[in-house]
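Let's take a walk through a structure with two chains. Keep the 3D view open and turn it as you read.

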Amino acid sequence: MKRKGILQAINRIGVALTVIATFLVACKPVKEYQKNKLNDSEMTLSNRKLQKTETNFQSYREGASGANGGKTGGGCGCN
Amino acid sequence: MKKLFLSVIALYIGVLSSFSQATVKQDSAYKPRRLSFEEANIVSSYYSQDGTHAAVTGGLGSEKLSDIATTFDVKFSKFDRFGRKHSLTGELGIDHYTSASSDKIDPATISSASHADTRVYPSLNWSMENNTKGKIVGVGASFSNEFDYNSLGFNINLSKKTRDRNGELSVKAQVYLDKLQLIYPIELRTDHDPSSANRNTFSASLGWSQIINTRLQLMLEGEIVSQDGYLGLPFHRVYFNDGSVHVENLPSKRMKVPLGLRANYFMGDNLIFRTWYRRYFDDWGISSNAAMLEVVYKITPFFSVTPYYRFYQQSASDHFAPYGEHTSSDQFYTSNFSYAKFLSHFYGAGFRVAPPEGVFHIQHFNSLELRYGHYQKTTDLNANIITLSAGFK
């Protein structure tokens, strides 16, 4: 049973790595002057400032948190 | 509550008027050697929820709660003689909430320990950016205080861009040292003066962001979080199947591993897809998947609308059981529905306006955003949140 779980996990990691490798192979070097779309304020690879309070309440109502730029500790969580 | 609301309005007007003064326009290549103002942001939100599974009353009872939160941050920067940019960001956050379930800690009192509470959380961060080498190093400290809880946090972060500036590796470490007063439900108290306990959180994260082409970029992020100390909350009741009532009891250690993937794609000239996925698991038996899609539609280059949807799914913790289902043979027990098996949906829309002449023609009033969201959990919890953000440069 445990072995089956480990094999499943390895399988999933393999699929994820294949997807990531495909993306990386598809990379084309982009020069600074070609980054006008990438430099748009909506293209930032992080949460918006006003998502901070949303992330906060979700971390209190849900068992999982992290990997989204938010905090992973500190504060009571009473509210 | 009313005073706090008026204070927030006054803060907005104050900041607005201070930036409405005409100032000398700086050249974009100008590099100040003295610490000078770069940007400021105010974010205010109002959150309200209702549900039927309050942890204070053992997983059965009103979860009615409202919270008004405001954060204000201001960033200053300067360049040193080596051309490195130093940035100093100060932030102050204030939350005020009222909670129906917290009032049940001691129902005999008019206003019990956490019936209504205010949390104040200042923080200070410094970073140094070496643009020639593509390196950023930063440190920060934070503090959070509320009636029965204090938290002290420290962080350090480093990032390095690749030679072609298309990739970036970032590393971050955080520590939170928390102290909480052990305020038990009234019927389970043994003495008058509550004792205290500690909770420590250590986290390390590694991120890689990569430009794929002129329209697509993505980021991978992995984190390991280790917690120790008192990880439950002392006023959470648990009712056993024999009718006896106990205080929530959870292990004194927890290890969490969230892994995230973010990808943003600019399609055509006015459509942006912002996507995020997170896989999470911990040693309390919770595993979860979260995914979010935001579609930004630019009606003009300076005005956009953004509908969004977030899906979340989690399995139950090994230590969770609902009201009246734990037995005396259980070593750990909680009826907090944050640890239950459930799905949640969060959806809404927002708009953003950032005209070059400034919002309302106020030169330094850089952007204004408003966003509404509705949240629903399959465990009978519904919530609404509305957030307003104003940026000044």
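## Chain A

Of the 79 residues of chain A, 37% count as buried. Buried here means that 20 or more other C-beta atoms lie within 10 Å of a residue's own; with 12 or fewer the residue is exposed, in between it is partly exposed, and the C-beta atoms are placed from the backbone. Chain A has two helices and zero strands. Helices (H or I, at least four residues) and strands (E, at least two) are DSSP runs, numbered from the N terminus.

A word on what you're looking at: this is a predicted model, where local features need pLDDT of at least 70 and side-chain atom pairs count only at pLDDT 80 or more, while totals for chains, interfaces and linings use all residues. Residues are numbered from 1 along each chain as its sequence is written, and chains are lettered from A and ligands numbered from 1 in the order in which they are written.

## Chain B

Now switch to the other chain. Its secondary structure comes to one helix and 18 strands, and of the 393 residues of chain B, 35% count as buried.

Next, contacts: two residues are in contact if their C-beta atoms, placed from the backbone, lie within 7 Å. Take the contacts in chain B with a separation of 6 or more: 58% of them are between residues 24 or more positions apart.

## Where the chains meet

How many residues of chain A are in contact with chain B? The count is 37, and they touch 72 residues of chain B. On the chain A side, the elements that give two or more residues are α1 (2-25) and α2 (52-61). α2(A) gives the most, with six residues. Sorted by class, this side of chain A has 16 nonpolar, 11 polar and 10 charged residues. For the classes, Ala, Val, Leu, Ile, Met, Phe, Trp, Tyr, Cys and Pro count as nonpolar, Asp, Glu, Lys and Arg as charged, and the others, Gly among them, as polar.

Why is α2(A) largely enclosed by the rest of the structure? Because eight of its 10 residues are buried. Among them are Lys52(A), Glu54(A), Phe57(A) and Arg61(A). The buried residues of α2(A) pack against four strands of chain B: β1 (36-50), β2 (65-79), β17 (365-377) and β18 (381-392).

## Strands side by side

Let's follow some of those strands. Two strands pair if DSSP finds at least two bridges between them. β1(B) runs antiparallel to β2(B), and 13 bridges join them; one partner pair is Glu39(B) with Lys75(B) in β2(B). β1(B) is also joined to β18(B), again antiparallel, by 11 bridges. There, Ala40(B) has Phe392(B) in β18(B) as its bridge partner.

Further along, β4 (116-130) pairs with β5 (135-146) of chain B in the antiparallel sense over nine bridges, and Ser127(B) stands opposite Gly138(B) in β5(B). The hairpin of β4(B) and β5(B) has four residues between the strands, and Gly134(B) takes a positive phi near 70° there. β5(B) and β6(B) form a hairpin too, with two residues between them. These strands pair in the antiparallel sense over 12 bridges, with Gly138(B) opposite Asn157(B) in β6(B).

## Nonpolar cores

In soluble globular proteins, nonpolar side chains tend to be buried together. A nonpolar core is a set of buried Ala, Val, Leu, Ile, Met, Phe, Trp, Tyr and Cys residues joined through C-beta atoms within 7 Å. In the largest core, which has 24 residues, Val56(B), Phe235(B) and Ala340(B) touch the most other members. β10 (237-239), β13 (271-282) and β14 (287-300) of chain B each give two or more residues to this core. A second, separate core has eight residues, including Leu50(A), Ile42(B), Phe72(B) and Phe365(B).

Find Lys161(B) in strand β6 (residues 149-161). Lys161(B) counts as partly exposed because 17 C-beta neighbours lie inside 10 Å. Leaving out residues up to four places away in sequence, Lys161(B) touches Gly134(B), Gly167(B) and Glu168(B). Its C-alpha atom and that of Asn131(B), 30 residues apart along the chain, are separated by 9.4 Å.

Now try His115(B), in the loop between β3 (85-99) and β4 (116-130) of chain B. Is His115(B) buried or exposed? His115(B) is buried, with 20 other C-beta atoms within 10 Å. The C-alpha atoms of His115(B) and Gly51(B) are separated by 17 Å, and these residues are 64 apart along the chain.
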